[in-house]
Structures are given as C-alpha cells and as structure tokens.
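Welcome! Please keep the sequence and the 3D view at hand as you read.

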Amino acid sequence: MSTVAKAISLLEVLGGGAPEAALADLARGAGFDKATTRRLLVSLIAQGLVEQDEATRLYRLGAGLTRLALMREAQFPFLRMAVPVVEMLAAETGETVHLSEYSKRGLITVQVIESAKANRVSVQLGVLPMHATASGIAFLAFTEERIREAILAGPMPAFTPFTIGDANTLAEQVAAARARGHSIGAQGFEEGVMSVAAPVLGTDGYAIGAIAVAAPRVRTQKADIERLGVSVTAAGREIGERLFGRLAGQKRA
C-alpha cells in the first residue's frame, strides 16, 4: 500500500468513528503499527487535514478537508445542485433518501436525509457495494461497459441471504433497471429494507451517481415501489438537468 493510500485509510478511520480518537485506536483501526500511524498523522497535521488537541492529545479531522471539499464543490457543484432535490424527495416520500457519487473507489454515499418516522432506514456515509444495493444496480445499468463487466466478474460478497451472488442474476437485474429507468433492491444489503434508485446522468449519458429511497419492507407494498420508482427517476433526471442542462444524458438515454 502506498503512503498516500495509507494516509487516506487513516483519514477514513478517523472520520468513521467518534469525533476524536487516540493514537492507539487509530493504529488498530487502520491496521498499522504506532510508529507508522504517528508518522502519517504528523504529515497530515502539517497539511491541515488532521488536528490534535493539545490538552487531550486526541486527533480529529482538520479544517483542511473542508477547504478541499469547498474547492471541489466550486469546480463541480454536485452537492449544491443535488441537495435541494434530495430534500424534496425526502419530503415527498417520507422515507430515507440518499445520494451517491461515483469515483474510482466506487459508489460513495455523499448525502443522507433520514425519515422522521420511528421505524426508518439508516444509511451511513461510505462506499456502496454495487451488486448488493439498488443504487449500485441503477448505476451499473447506465455506466460504461468496462465498469459493468468488472463488477460482473466479481467477487460478490454476501451481506444477507438475499444478496445477489452470481453474474447472471446481477446482469438480469441491471438489464431490468435499464429498461424501467430505475432499480429495485430487496434486502440485498440489509435485511428488512426495500430500496428503489435511479441514476444521475452526465452529458455523455453515463451515470455519475445515483439517488435512492430506502424504506422498511414491512410497510412497502408493490404499489409503493412503483410510486417511489416514478419519483426517484424524476429526481435523478432533475439533478442531471440542474448540473448540465436539459440535454444531460440524451446522447445515450
């Protein structure tokens, strides 16, 4: 693993738990020895990506990450354009809505609005498994062939007894999602959860991300899934149009 990859892993460990963490906990979570962890932290602190409390000696994410995020958003305002649509979809459906964006690391959840209902689905920020989520399948239905083939080649780890585990079944689900314009996920990533998702298309017609609605299976009927599918498809289209104009996705879609 390269030094850059190690540093990113350490940042993810630091951002995935409590707001502050001790050196030993970070080393254990990242799988590094303490000397390596300390050396990486010193470099990250110098760049403003990590901060250390002088009194407690605990580490936390630094303001430099906010600066980088703002720079990226200024160049490509994905969140600024998409968040109002996510909020409207959450208000319309009353269920949890989450937005994801694709990078070389995979499909990453970047925004979540949880349902206000007591029985609701919680979604964590992180990388979504393509084969096991409605978001992943919606993305695969509208992505480049090389990306789709790489996922179909596996591996496909099981998260529940309902997780898709073979290329043929996944290919069928992807084809169905492409035909209807949105995907349907049935307990593939977490038992008791139903999801529908639609792609967000770029100017070339390929997906750059996905938007999804997740609801408890116990209150999701067939008619609900069809209604949510219509809503999430419209939301995905709206985000693409806000980013790129009304011609977004027309080249291939």
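## A buried partner in a salt bridge

Glu 95 counts as buried, at 7% relative accessibility (buried means under 20% relative accessible area, exposed over 50% and partly exposed in between, with a 1.4 Å probe and protein chains only). Its partner is Arg 219: the two form a salt bridge whose closest N and O atoms are 2.8 Å apart (a salt bridge is a side-chain nitrogen of Lys or Arg within 4 Å of a carboxyl oxygen of Asp or Glu). This pair links distant parts of the chain, 124 residues apart. Glu 95 sits in the loop between helix H5 (78-93) and strand S3 (96-103), and Arg 219 in the loop between strand S8 (207-216) and helix H9 (222-244). Arg 219 is partly exposed, with a relative accessible area of 27%.

A word on the source: this is a predicted model, in which local features need pLDDT of at least 70 and side-chain atom pairs count only at pLDDT 80 or more, while totals for chains, interfaces and linings use all residues. Residues are numbered from 1 along each chain as its sequence is written, and side-chain values use heavy atoms, with hydrogens and water left out. Helices (H or I, at least four residues) and strands (E, at least two) are DSSP runs, numbered from the N terminus.

## More charged pairs

Side chains of opposite charge can pair when their charged atoms come close. In this model the count comes to 13 salt bridges. One of them joins Arg 148 to Glu 145, with the closest N and O atoms 2.6 Å apart. Both residues lie in helix H7 (residues 145-152), 3 residues apart, or about one turn of the helix. Arg 148 counts as buried at 15% relative accessibility, whereas Glu 145 is partly exposed at 43%.

Arg 146 forms a salt bridge with Glu 144, and here the closest N and O atoms are 3.2 Å apart. Glu 144 is partly exposed, with a relative accessible area of 28%. Elsewhere, a network of salt bridges links Glu 20, Glu 51, Asp 53 and Arg 60.

Helix H1 (residues 3-15) has 13 residues and reaches 18 Å from its first C-alpha to its last. That is close to the 18 Å expected at 1.5 Å a residue (the expected span is 1.5 Å times one less than the number of residues).

Which residues of H1 are buried? They include Ala 7, Leu 10, Leu 11 and Leu 14. These cover an arc of only 100° around the axis, which puts them on the same side of H1 (the arc is that of the directions from the helix axis to the C-beta atoms). Among the elements covering the buried residues of H1 are helix H2 (23-30), helix H3 (34-46) and strand S1 (50-52).

Glu 101 is found in strand S3 and is buried, with a relative accessible area of 12%. Beyond its neighbours within four places in sequence, Glu 101 is in contact with residues including Arg 72, Phe 76 and Ile 208 (contact means heavy atoms within 4.5 Å).

His 182 lies in the loop between helix H8 (167-180) and strand S6 (183-186). His 182 is buried too, with a relative accessible area of 10%. Leaving aside neighbours within four places in sequence, its contacts include Ala 177, Gly 229 and Val 232.
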